[in-house]
Amino acid sequence: MVYGLVGPCFTMAEVVVDHLLNGDSSAAFEGADLSTKLKLMGVDVASFGDPFADGADNALGVTYTDPVAGVYKKLVVSDDARTLLGGVLVGDAESYSTLRAYVGGQLPGAPEQMLFGGTEAAGGDLPGATVICSCNNVTAEKIRCDIAEHELRDVPAVKGCTRAGSSCGSCVPLVKKILDAELAAAGIEVSKAICEHFEYSRAELFDIVRVRGITAFSRLIAEHGTGRGCDICKPAVASILASLGNGHVLKGEQAALQDTNDQFLANMQKNGTYSVVPRIPGGEITPDKLIVIGEVARDFGLYTKITGGQRIDLFGARVEQLPQIWKRLVDAGFESGHAYGKSLRTVKSCVGSTWCRYGVQDSVGMAINLELRYRGLRAPHKLKSAVSGCARECAEAQSKDFGIIATEKGWNLYLSGNGGMRPRHADLFATDLTDEQLITYIDRFLMFYIRTADRLQRTSVWMESLEGGLDYLREVIVDDRLGICAELDAAMARHVETYSDEWNDTLKDPELLRRFVSFVNAPETPDPSISFEVEREQIKPVLVAGSSLEVISK
Amino acid sequence: MTMTFVATWVDVCSYTDLLPDRGACALVGDRQVAVFRTYEGELYALSNLDPFSGAYVLSRGILGTRNGVPTVASPMYKQVFDLTTGLCLDDPAKSVPTFSIRLNGDRVEVMT
């Protein structure tokens, strides 16, 4: 029998080595676990244990077929439906690693539950004999022992030491769960180091950069880190440097730190093209400017979509088209919308007291004012805002990082709201504020967040992690308990003063423009791998190469 | 009839066309080659095709090191590749082809 899997291959090699080193070795290859997960022509398939055991008398097959979604799942269980013997997953192999771990063992629930709900990786309570990694034949017990014995503290360390998860990787979520459970049980605090290159959290790095006046990544890593950085610490430091005002994000060494979105000042989409979002402050736009956006989209053949933030997103631009597109937009008075940055996106507004019968304040005017004040401000994560002109809250301000709702007497300020994966309503921070008070509080809130939050931590999670929460934030921002308000105010004043449109600056710089090409040796040639088809009268990407054409196995 | 193919060095760009600690893509025949210049000035060449997304984007990834090994992270879903071998360090089942690359005077040349 010829195996196509790495697990049996490793086992056979071990047997051979044993015989080579030890003449009277009794080691023998006695078959192997053939569980595997593959992606065939873009379809996930997996099989584990003995998927055909249901032919036997004392086994039962439980199957689920969904021809609409292209999903087939089968579990083979013992005749008392307690023990998992094997199974097959086609079209949806999410639950593979969990199910495989239960093969030969007792199922925690009824088989149908495992078919539908069993996607959550099993916890640290799996029996010790359970094989977690079938490629390298590593049991839960072995992983637990090695974590304790060798003081392993993260997944790469566990992989390196036990080899679990180091071949096909499908058991890594399970390995992580076991590790987390072991660390929690041992009362070990998980390191807050941002990555292998710095032993500091983002907030600590921010203070190091600020206090020591560091302006280059090379100096920071030479004096306070190791190696050459990575895709985690580099963008984090790029953001810190930008928050502290170090000029254009693509100038000098900063160019090497930016993630691709910041590198091309546009948002990369799934086929390697980019989308473009011009700033439309407060969502207010003249007919003439609307026409310009329409003409640009038409002339470059871009897909257009209205965003949730009251702007217009133009999709399908190749790198070499970005400067041409932006030349047209800048000439018409547009500027970067920073949709690509971890920075202020948009301040949404309702139409407000100017037009609305119910409005009590000029919400559009305030939204534009705020958007222009905070545009370009780099932060640990994206920032969204909205201003509603009355308590009816048409702008949905309570779902924003900072939301403002007009009152008869002024403005109510709500902080740390969030839409997204885990929605959170913003907390009412202060009521009936004047324009000046409102802006002062938002200035300090944003700067305090930028200084102290973790990498990629939204204001909602940051607020929840603040000891003392909202009351503490009031003490810092309103009562100046930490004595840092003057500093925060000055930092924001500096941001407002030094703001400059990144796209306008880029267009004026031939050195920067040279980077906007698909091919360094053929600047005029468009990337031939990019192609589109038409759907609802607009373009949509076609992926011509790649994973869907390859058979990916372990 | 017998056809023989002789691999030859192909001129791609000048060394200074490459930014320190970044990559760029070169079109060699109909092959997309991602060329990288590390902070130290070393040159590496990989296929530009990201095997995870199927998009030709690896040249636009962030360079760095993992345990001392020079790496590039795909800009699409952030898997990290060893620049010296093309192996994906986050998923040993995946790798990308590597190509020979050299500096000839101030010109960068690759062999595919």
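A residue counts as buried if 20 or more other C-beta atoms lie within 10 Å of its own, as exposed if 12 or fewer do, and as partly exposed in between, with C-beta atoms placed from the backbone. Welcome to the close-ups: this is a predicted model, in which local features need pLDDT of at least 70 and side-chain atom pairs count only at pLDDT 80 or more, while totals for chains, interfaces and linings use all residues. Residues are numbered from 1 along each chain as its sequence is written, and chains are lettered from A and ligands numbered from 1 in the order in which they are written.

**View 1. Helix α17 of chain A has a buried side and an exposed face.** Helices (H or I, at least four residues) and strands (E, at least two) are DSSP runs, numbered from the N terminus. Which residues of α17(A) are buried? They are A:L488, A:A491, A:M492 and A:H495. These residues cover an arc of only 95° around the axis, so they sit on the same side of α17(A); the arc is that of the directions from the helix axis to the C-beta atoms. A handy reminder: an α-helix has 3.6 residues a turn, so residues three or four places apart point the same way. Turned away from the buried side of α17(A) are the exposed residues A:A486, A:A490, A:A493, A:R494, A:E497 and A:T498. The cover over the buried residues of α17(A) includes α14 of chain A.

**View 2. The largest nonpolar core has 129 residues.** Such a core is a set of buried Ala, Val, Leu, Ile, Met, Phe, Trp, Tyr and Cys residues joined through C-beta atoms within 7 Å. A:V237, A:L413, B:A26 and B:V35 have the most contacts inside this core, and its largest share, 9 residues, comes from helix α14 (residues 435-452) of chain A. Leaving aside residues up to four places away in sequence, B:V35 touches B:V12, B:L18, B:G23, B:A24, B:A26, B:L43, B:A45, B:I101, B:V108 and B:V110; two residues are in contact if their C-beta atoms, placed from the backbone, lie within 7 Å. A second, separate core of 34 residues includes A:F48, A:A93, A:I132 and A:L152.

**View 3. An open sheet of 4 strands in chain A has antiparallel pairing.** The strand order is β8-β9-β11-β10, where two strands pair if DSSP finds at least two bridges between them. At the edges, β8 (267-268) and β10 (303-306) each pair on one side only. Strands β9 (residues 274-276) and β11 (residues 312-317) are joined by 2 bridges, and A:V276 has A:L314 of β11(A) as its bridge partner.

View 4. Most residues other than glycine have a negative phi. With 14 other C-beta atoms within 10 Å, A:A81 is partly exposed.
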